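Biologist: I am new to this structure and would like a close look at one part of it. Please show me the model before I ask.

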Amino acid sequence: MRGYVLDVGPRFFLLALVSDRIWYDGFECFRLSDVRDIKLDPYARFAEVALKRRRERFPRKPRVNLSTVEELLVSASRVFPLVTIHREQVDPAVCWIGRVVGIDRGRVTLLEIRPDATWKRKPTEYRLSEITRVDFGGDYEDALALVSGTRLQASQRLERTGA
């Protein structure tokens, strides 16, 4: 992972991601408890010069709340059209992308979007306790939103009966 820490909350921290192709590529939120080691990038100077010469603007911290996983999901879904959740202890090779449509009784309900930018018919529930990482605002999420016709300025309502 390469990026810049923009904020630290009680359980998660927010990283402005720098892709392998040396572009800013959205945001990732990691659980603090999962971090085992942090190292300075030995090639940080190269990446910073490349970003500057490409006129890449340093991303502003999005208005997301890192207090709890519930607040993180709700706030990210208000700012971005799609969120990606990871459940790395359940399946480290898979992520789930979609719209948060509700949070209730320790679960998030996600209306998922497929890799071809079509929507699944029914939303799926996931345990909040299994979520290890939340991503949003990246090139892939933006491409899915663009092709699916999802507005990039999400203004959806969330059903938050139990959060």
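Biologist: Which residues are buried in helix α2 (residues 69-79)?

Modeller: First, some conventions. This is a predicted model, in which local features need pLDDT of at least 70 and side-chain atom pairs count only at pLDDT 80 or more, while totals for chains, interfaces and linings use all residues. Residues are numbered from 1 along each chain as its sequence is written, and side-chain values use heavy atoms, with hydrogens and water left out.

In helix α2, the buried residues are V69, L72, L73, V74, S75, A76 and S77. Buried means under 20% relative accessible area, exposed over 50%, and partly exposed in between, with a 1.4 Å probe and protein chains only. Helices (H or I, at least four residues) and strands (E, at least two) are DSSP runs, numbered from the N terminus.

What do these buried residues of α2 pack against? Their partners are the strands β2 (12-18), β3 (24-31), β4 (83-86), β5 (95-104), β6 (107-112) and β8 (133-136). Contact here means heavy atoms within 4.5 Å.

The order of elements puts this in context. The protein has three helices and eight strands, and from the N terminus on they run β-β-β-α-α-β-β-β-β-β-α. Among contacts between residues at least 6 apart in sequence, 55% join residues at least 24 apart. Of the 163 residues, 42% count as buried.

Two loop residues deserve a note. Most residues other than glycine have a negative phi. R55, in the loop between α1 (44-53) and α2, has a positive phi near 60 degrees and is not a glycine. R55 is exposed, with a relative accessible area of 71%. I22 likewise has a positive phi, of about 60 degrees, without being a glycine. I22 is found in the loop between β2 and β3, two of the strands that the buried residues of α2 pack against. I22 is buried, with a relative accessible area of 7%.

The protein exposes about 10200 Å², of which carbon and sulfur atoms supply 49%; accessible areas come from the Shrake-Rupley method with a 1.4 Å probe, and for residues only the protein chains shown count as cover.
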